[in-house]
Amino acid sequence: MFPNDLTPPRLRTAAFPVLFALVLTTYSFTSDPVALGWTKLKPATTFTGRAGFATAYDPVSKKVVLFGGVNGTGELSDTWTFDGTTWEQVQTSGGPGPRGDAAMAYDAKIHKLVMFGGYHGFAFLNETWLWDGATSTWTQAQPATVPTGATNPILFSDPVNGRADMFGGYQGQFFSRSMYQWSGSDWTLLNPSTTPYPRSGSVVAYDPIRKNVVLFGGLSDNWVMQNTWTWDGFNWTEQAPANQPPATYFSHGAFDPSLKAVVFFSGGSSGVDQTTLWGWNGSNWGQLPATNNPPARELFGTVWDPVGHQFLIFGGTVFNTTILFTDTWRLHTY
């Protein structure tokens, strides 16, 4: 199944019944404008072209971890790591089966990455897998509480206790607004008094300055979300910034310490993949001008690499094409 095949496991709102007005605003996060540019890295080895993979930074191994995804023939089941310089395929045994559109996040209590969901063929997966960066091994967890299988669930590290949290996802007929937290051995259903609208495939990132998690956009029923929410570890709050990015889906974000902002490279918007860069400073969004932009894409990876001190994007696809990227790009200041 090719990534842009509009079959139930992913579901794209292809007809976009509502067009959102966009005001492009250049925003400086400091008193002096920051000049930004992109550099395409040249690792000695890299992953094969793919989109819709699970990825996160692993503080234990100090490497970016990438699992699975989808290429032109089906779902993948390989594991890759990036040390800031080159990609390396990790040979594992007994790991997860092929899947696309799963998600993962780091759990600081157990010092492992937690991966959930995705699809294989037309099956929505509800498995939970743990990646141990110290031994480079996968272990399937056996939780008593099993969330409904979903594609593109939104996983992130909790800002209070460091646990892996999960929100939303597409479950086959409906988008979810359920929220769970990984206890180390089981999923616990959380019941905050306020939750975002049901969605999947949203931008999400932890903001260490404001000590909350920022969520933006995503797909939901016949809408593409254009709202901003923050999670403080106890409840969700919808923000009311003066400026918003366009309604965005199948993108990811990360906190860039040099900008003191949550940053994301635009993914899909109204059926067209974008190349703009956006930043959140805790109260407002602003478009960040950058030179030498990577090609437009969606379903790609985004991480902050603290060892290499670099904001990275990699892989992905272009909507309605057979393009599959194998590239890795670094955002830098001049």
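These legends go with a set of close-up views of one predicted protein model. Residue numbers start at 1 along each chain as its sequence is written, and side-chain values rest on heavy atoms, with hydrogens and water left out. As this is a predicted model, local features need pLDDT of at least 70 and side-chain atom pairs count only at pLDDT 80 or more, while totals for chains, interfaces and linings use all residues.

**View 1**
Helices (H or I, at least four residues) and strands (E, at least two) are DSSP runs, numbered from the N terminus. The C-alpha atoms fill a box of roughly 50 × 50 × 40 Å along the principal axes. For 334 residues, a compact globule would have a radius of gyration near 20 Å, and the 18 Å of the protein chain agrees with that. That radius is taken over C-alpha atoms, and the globule rule is 2.2 Å times the number of residues to the power 0.38. Buried residues make up 58% of the 334; buried means under 20% relative accessible area, exposed means over 50%, and partly exposed is in between (1.4 Å probe, protein chains only). Take the contacts (heavy atoms within 4.5 Å) between residues at least 6 apart in sequence: 56% of them join residues at least 24 apart.

**View 1. Strand β31 with its partners β1 and β30.**
Two strands pair here if DSSP finds at least two bridges between them. Strand β1 (residues 36–40) runs antiparallel to β31 (residues 328–333), with 5 bridges joining them. On the β30 side (residues 310–314), the count is 4 bridges, and that pair is antiparallel too. To pick out individual bridges, look for Leu36, whose partner in β31 is Thr333, and Phe311, whose partner in β31 is Leu331.

**View 2. His332, a buried residue in β31.**
His332 sits in strand β31 and has a relative accessible area of 14%, so it counts as buried. Leaving aside residues up to four places away in sequence, His332 touches Ala35, Leu36, Gly37, Trp38 and Thr39. For a bit of scale, the C-alpha atoms of His332 and Thr85 are 15 Å apart, although 247 residues separate the two along the chain.

**View 3. Lys62, a loop residue with positive phi.**
Lys62 is in the loop that links β2 (54–58) to β3 (63–70). Its phi is about 60 degrees, a positive value even though Lys62 is not a glycine. Most residues other than glycine have a negative phi. With a relative accessible area of 49%, Lys62 counts as partly exposed.

Lys211 is another residue other than glycine with a positive phi, near 55 degrees. Not counting residues up to four places away in sequence, Asn212 touches Pro159, Ala205, Tyr206, Asp207, Thr230, Trp231 and Asp232.
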